[in-house]
Amino acid sequence: MLHTSPTRTRRSAPRDTFAGYAFLLPFLAVYAVFSLYPMIQGFIISFFKWNITGAKVFIGFDNYLRLFRDPVFWKALTNTLLYVLISTPIFMLGALVLALIVDSKLLLGRTFVRSTFFLPNILAVSITAVIWLNLLQPYTGLLNAGLHAIGIKQEIFWLTSEALVWPSIVMVTFWWNTGYYMLIYLAGLQEIPAEQYEAAAIDGATGLQRIMRITIPCLKRTHLLVLFLQAIASFKIFGQVFLITSGGPAGASRTLLQYVYETGFTTFQIGQASAASFVLLLVILSVSIVQLKIMNRQEA
């Protein structure tokens, strides 16, 4: 039987640590150059008045004060927060239902169905926007044509009605992204021991009771992970909204990231755009810290 010398182990520990940092160094260098440095520069720029071509003029916290006096900023922030609060539970529930469907042993062609549900997730945002622009068009759109076929004669303006624009965006994003969270839930479902379901079946539990008493409680960590990922993704919503509605009608669907884009690259108020982006960063960090504390408390 071989024995490892404690002295040799202690001598090899610094060498292993050095090797670990050496492997991390290329990633850290790339991260510092392309992520950390631009972030620091963006924070510095938020204290300046700058339009790209002219000289930078230090104005302190004026960009932040101007933001808080800007009703367009507050409207964009409110739209983003409401989208996060409304869409996150819908996406979580939808992803769980899809995972339960494709995990069912009674379903024929499960691999094909899983692929079908996940396939929209690999599409580029531009392709998704083109597909749904054609589906949601009044008079010529496929969705309205389907409604007409079942007897609903009224023409519905999905993207130009303030009451319907956000439900339309939620529908588009649900179709596009939910397959990804479905896979996460599917992985969680496959970790639940089959013996628990068998014991419940012997005791006479119905399918719904097994889901409520076994499946949902056992997926607690998966729920928290999906909640964490989806909330952050919802705060960063931009592409599909910008391409489908351009923030309309009358700014009803403008998001905070679109406000940053328009402020920085349309009116060229780079300092104010940087300030808005760091306000969004603080909001995301605050939500993330709360979620991480909840996750750590659940694991303790």
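Which residues is serine 46 in contact with, leaving aside its neighbours within four places in sequence? In this predicted model, they are Gly60, Asn63, Tyr64, Gly271, Ser274 and Ala275.

## Serine 46

Serine 46 is part of the loop that runs between α1 (6-45) and β1 (48-49). Its relative accessible area is 0%, so serine 46 is buried, the cut-off for buried being under 20%. The side chain of serine 46 also reaches back to phenylalanine 43, where the backbone oxygen lies at 2.5 Å.

What does leucine 256 touch, apart from its neighbours within four places in sequence? The contacts of leucine 256 are Phe73, Ala76, Leu77, Thr80 and Leu280.

## Aromatic pairs

Across the whole structure, a search finds 20 aromatic pairs. One of them joins phenylalanine 68 and tryptophan 74, with ring centres 6.0 Å apart. Their planes are at 35 degrees, so this pair is tilted; planes count as stacked under 30 degrees and as edge-to-face over 60. Phenylalanine 68 is partly exposed, at 43% relative accessibility, and tryptophan 74 is partly exposed at 39%.

The rings of phenylalanine 242 and tyrosine 261 have centres 5.3 Å apart. Here the planes are at 70 degrees, so the pair is edge-to-face. This pair links distant parts of the chain, since phenylalanine 242 belongs to helix α11 (residues 239-244) and tyrosine 261 to helix α12, 19 residues apart. Phenylalanine 242 is partly exposed, with 25% relative accessibility. Tyrosine 261 is partly exposed too, with a relative accessible area of 34%.

## A ring cluster and a charge over a ring

Ring pairs also link Phe43, Phe47, Phe61, Tyr64 and Phe278 into a cluster.

Where does the charged end of lysine 56 sit? The charged end of lysine 56 is over the ring of tryptophan 50, 4.8 Å from the centre of that ring.

Methods:
Residues are numbered from 1 along each chain as its sequence is written. This is a predicted model: local features need pLDDT of at least 70, side-chain atom pairs count only at pLDDT 80 or more; totals for chains, interfaces and linings use all residues. Side-chain values use heavy atoms; hydrogens and water are left out. Helices (H or I, at least four residues) and strands (E, at least two) are DSSP runs, numbered from the N terminus. Buried means under 20% relative accessible area, exposed over 50%, partly exposed in between (1.4 Å probe, protein chains only). A polar contact is a pair of N or O atoms within 3.5 Å; within protein, one must be able to donate a hydrogen and the other to accept it, and residues adjacent in sequence count only if both atoms are side-chain atoms. Contact means heavy atoms within 4.5 Å. Rings of Phe, Tyr and Trp (its six-membered ring) pair if their centres lie within 6.5 Å; planes under 30 degrees apart count as stacked, over 60 as edge-to-face and the rest as tilted. A charge sits over a ring if NZ of Lys or CZ of Arg is within 6 Å of the ring centre and within 35 degrees of the ring normal.
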